[in-house]
Amino acid sequence: MIALTRPVSDSIARCELTHLAREPIDLGRARRQHAAYERLLEALGCRLVRLPAEPEMPDAVFVEDAAVVVDEVAVISRPGAEARRRETASVAAALGRLRHVERIEAPATLDGGDVLRAGRRIWVGRSGRTNEAGIERLAALLAPHGYTVTGVPVTGCLHLKSAVTALGGRRLLVNRAWAPAEAFDGFELVDVDPGEPFAANALSVGGPVVYSSAFPKTRRRLERAGIDVQTVELDELAKAEGAVTCCSILVDTDDAGRPVPRGGHSRQTSRSG
């Protein structure tokens, strides 16, 4: 598996915020936490591809929002925050070497953080960043490859993957207050601890789950469910409404570690994104 990442921007203190009050961000600490996140991905078998730094793009570390990647195609997003649309150019260039590339085009908007994948099922959050045209465009691009795309209302949080993420297999981690549980019929739901509403964001990496150390009660629920939880500190990036899925784009490779050929097909995974 390849993991695309990008360094924390010099200007992250000017990040977009929707649901959180602005707090000072310790740039050095944010960078140390991000480096530890990258090391954990490497320890779990990912090959890192670091995108160029973007000092004047405050949210550029959150690369997930720039694309949606499945085995057959990479879809370059059109972020709902206009200031973030410049971030997609370097992501598109990197993914173009790994996948056939399609694009979300105006008037559609779509953030990668609103897109949850479990096998051939894909849910897309109707949020402040993703509109109905974005959902329809993604569905049209992915339907020829056998994916079912379903729009899901999101309330109280920035993205769908703030409310629900994939844990592998047919299990999802969910905050039912922010996304309707009935949308995920047929899947086993693991609920966040009621005292940790932001705890639904987890990153499945071929079995183990990367998870924020800020949510120990929900972590214990995951461990009781038999999930291998690997924790990392990301509290500085959380001040910018970031989380573990936000900071990477995972791209499947074949059994020899090579990118799946453009238009090709690899083994199926059930991770998100």
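A residue is called buried when its relative accessible area is under 20%. In this predicted model, Ser90 has 15% relative accessibility and therefore counts as buried. Ser90 belongs to helix H2, which covers residues 88-95.

The side chain of Ser90 makes a polar contact with the side chain of Arg6, at 3.0 Å. With neighbours within four places in sequence left aside, the contacts of Ser90 are Arg6, Leu51, Pro52 and Glu54.

## Helix H1

Helix H1 takes in residues 27-43, 17 residues in total. From first C-alpha to last it reaches 24 Å, close to the 24 Å expected at 1.5 Å a residue. At its start, a side-chain oxygen of Asp26 comes to within 3.2 Å of the backbone nitrogen of Gly28. Just after the helix, Gly45 has a positive phi of about 105°.

The buried residues of H1 are Ala30, Gln33, His34, Tyr37, Glu38, Leu40 and Leu41. Viewed down the axis of H1, these buried residues fall within an arc of 160°, so they line one face of the helix. An α-helix has 3.6 residues a turn, so residues three or four places apart point the same way. The face of H1 turned away from the buried side carries the exposed residues Arg32, Arg39 and Ala43. The buried residues pack against several elements: strands E1 (2-5), E2 (47-50), E12 (202-204), E13 (209-212) and E14 (229-232), and helix H5 (235-238).

## The sheet E12-E13-E14

E12, E13 and E14 form an open sheet of three strands in that order, with mixed pairing. E12 and E14 stand at the edges with a single partner strand each, so one side of each has no neighbour in the sheet. The twist from one strand to the next averages 25°. E13 and E14 are paired in the parallel sense over four bridges, and Val209 has Val229 in E14 as its bridge partner.

Two helices pack on this sheet. H1 touches E12, E13 and E14, and its direction makes about 155° with that of E14. Helix H4 (residues 216-224) touches E13 and E14, and its direction makes about 160° with that of E14.

## Ser212 in strand E13

Ser212 is found in strand E13. With a relative accessible area of 12%, Ser212 is buried. Not counting residues up to four places away in sequence, Ser212 touches Val232 and Val244.

A polar atom of the Ser212 side chain lies 3.1 Å from the backbone nitrogen of Ala214. Ser212 and Asp228 are 16 residues apart along the chain, and their C-alpha atoms are separated by 13 Å.

## The sheet E6-E7-E8

Another open sheet has three strands in the order E6-E7-E8, and its pairing is mixed. The edge strands are E6 (115-118) and E8 (148-153), each of which pairs on one side only. Neighbouring strands of this sheet are turned by 25° against each other on average, direction ignored.

E6 and E7 (residues 121-126) run antiparallel and are joined by four bridges. Leu116 has Trp123 in E7 as its bridge partner. Helix H3 (residues 132-142) packs on the sheet and touches E6, E7 and E8. The direction of H3 makes about 165° with that of E7.

Note on methods:
Residues are numbered from 1 along each chain as its sequence is written. This is a predicted model: local features need pLDDT of at least 70, side-chain atom pairs count only at pLDDT 80 or more; totals for chains, interfaces and linings use all residues. Side-chain values use heavy atoms; hydrogens and water are left out. Buried means under 20% relative accessible area, exposed over 50%, partly exposed in between (1.4 Å probe, protein chains only). A polar contact is a pair of N or O atoms within 3.5 Å; within protein, one must be able to donate a hydrogen and the other to accept it, and residues adjacent in sequence count only if both atoms are side-chain atoms. Contact means heavy atoms within 4.5 Å. The expected span of a helix is 1.5 Å times one less than its number of residues. The arc is that of the directions from the helix axis to the C-beta atoms. Two strands pair if DSSP finds at least two bridges between them. Axes are lines fitted to C-alpha atoms, for helices over the stretch in contact, and angles run from 0 to 180 degrees between N-to-C directions.
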